[in-house]
Amino acid sequence: MSKIVIAKAHTNIALVKYWGKKDPKLMLPQNGSISLTLDHFYTETSVQFSTHASEDQITFNDTQLSPVKAQRIVKFLDLIRAKSGQSARAIVKTRNHVPTSAGLASSASGFAALAAAGSRAAGLKLSLTDLSRLARRGSGSATRSIFGGFVEWHAGEDDLSSYAEPLQDPVDWDIQMIAVVLKATKKPISSTAGMQRVVATSPYYPAWVQTANRDLIAMRQAIADRDLTAVGTLAETNAMRMHALNLSAQPAFNYFTAETLTTINAVQDLRAQGINCYYTLDAGPNVKIICASKDTKAITTALQRHFRADQLIIAQPGPGISITEA
Ligand code: PMV
C-alpha cells in the first residue's frame, strides 16, 4: 500500500480562452490562455496505490464510478504509472465542492487535484510547473488550476514548453466573479468535440488565434495595471469571439440558453447605468460576471429580478493547489 495523499485544487475561469487543440494527444492548445482561479469552487481528491486492488477504484462524491465513466481517469492514472514506475492500481476518492448540478467546469479542479495527489502517491515529487504539465494531459484548463490568482498557460510547442505559471498571486485588488447558476441542460456538444469542429470548419478560426494572441498581451498589461475595465472588456470580447466560432462552425452549435441571454442583457443594462461589470461564459450556459465587490449589491439586486438569490454565487480570487499526506 502506498501512502494516502490528499490534494485540493480550485477551479479557474479563463479571461482569454483556450478553444482548440494543436495536438490532441499531448493537449497542446492552439493559443495561450489567461485565467483567474476562484476560491468558491474546488475539488478534494485522495489517492492511494494498493497492490490488493485488481483495478482502479474511483469514488466520486461517495458513489463508485462505473468502468465506462472512470475511463478518462484510469487513462490519466496510467500516465502517472508510466512516469513513476508504480504498477499498482489506485483507490481514488474525489469530492467536488461545486453546488450540485451547477454545471460549472469541474474538470479543471478535478484533474489538477488528481495530478497532484496521484503523482505524489505514486512516489513522484514534481515541481508545480511539472504538475501543471501533467494536469494538462487530463484536461487543458486543469493546467492553470495548479496556481492561484491570475495564471497564464503558455501554449508551447511540445510537452516541455506547454505549462502554466502565475501572473499575479495573491490578487491584491478588488476583482471578483459572480457565477450565475442557470438551469442545468444537457451539453449540446462536449468541449473536446466542440473544439475539434471549430478548428476543422470555422472559416474564422485563423482570426481567432490571431486576436487571442493579441488579447494575451493586452490582458497581461490590464492585470499588471489592476484595471478592472480593461480586464472585463477584454474578457467579454474574447468570450464572445469564442462563442462566435461555435456559431460559425459547420454544423453550428452554441451553449446559450434563453436565461444566458437574459443574464447578458442584464449585465449590459447595468453597465449602461454606470456599474462596471462584464460577462464571460465557457462551454455551458452559466454566466460569470466580472466586477468589483463594492458593486455586488447593485448587481445581485438587478439579477434577482430574474433569478433566485441562491443562483448567484460570489467568488473571490482563490489559491493554488495544496497537498497533504495522511
Ligand atoms: O479543459 P477543457 O477541455 O474543459 O476546455 C475548457 C475550455 C474553456 O473552458 C471553454 C475555456 C478555458 O480556457 O477554460
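**Ligand site**

I began with where the ligand sits. Domain 1 (5-171 + 318-325) and domain 2 (176-315) both give residues to the shell around the ligand, so the ligand lies between them. The domain bounds come from an automatic or database domain assignment. The model is predicted: local features need pLDDT of at least 70, side-chain atom pairs count only at pLDDT 80 or more, and totals for chains, interfaces and linings use all residues. Residue numbers start from 1 along each chain as its sequence is written.

I then listed the shell. There are 14 residues around the ligand, and Ala 14, Tyr 18, Gly 140, Ser 141 and Asp 282 come nearest. Near here means that the C-beta atom, placed from the backbone, lies within 6 Å of the molecule. By class I noted five nonpolar, seven polar and two charged residues. Ala, Val, Leu, Ile, Met, Phe, Trp, Tyr, Cys and Pro count as nonpolar, Asp, Glu, Lys and Arg as charged, and the others, Gly among them, as polar.

Next I looked up the two domains themselves. Their C-alpha centres lie 23 Å apart. The contact takes 25 residues from domain 1 and 30 residues from domain 2. Two residues are in contact if their C-beta atoms, placed from the backbone, lie within 7 Å.

Which strands supply the side of domain 1 that touches domain 2? Strand 1 (5-16), strand 4 (33-50) and strand 9 (163-168) each give at least two residues. Strands are DSSP runs (E, at least two residues), numbered from the N terminus. Strand 4 has the largest share, with six residues. On this side of domain 1 I found 14 nonpolar, eight polar and three charged residues.

I traced an open sheet of four strands in the order 11-12-10-13, with antiparallel pairing. Two strands pair if DSSP finds at least two bridges between them. The edges are strand 11 (278-280) and strand 13 (312-315), each pairing on one side only. The twist averages 25° from one strand to the next. For that angle, axes are lines fitted to C-alpha atoms, and values run from 0 to 180 degrees between N-to-C directions.

I followed strand 10 in more detail. Strand 10 (residues 176-180) is joined to strand 12 (residues 287-291) by five bridges. Met 177 faces Ile 290 across this pairing, and Val 180 faces Val 287. Strand 10 also pairs with strand 13, in the antiparallel sense, over four bridges. There, Val 180 has Leu 312 as its bridge partner.

Is strand 10 mostly covered or uncovered? It is mostly covered, with five of its five residues buried. Buried means 20 or more other C-beta atoms within 10 Å of the residue's own; exposed means 12 or fewer, and partly exposed is in between. Both faces are covered: Gln 176, Ile 178 and Val 180 lie on one side, Met 177 and Ala 179 on the other.

**Ile 91**

Ile 91 is in strand 7 (residues 89-97). Ile 91 counts as buried because it has 20 C-beta neighbours inside 10 Å. Leaving aside neighbours within four places in sequence, Ile 91 contacts Gln 48, Ser 50, Ala 53 and Gln 57. I also checked Asp 78, 13 residues from Ile 91 along the chain: the two C-alpha atoms are separated by 13 Å.
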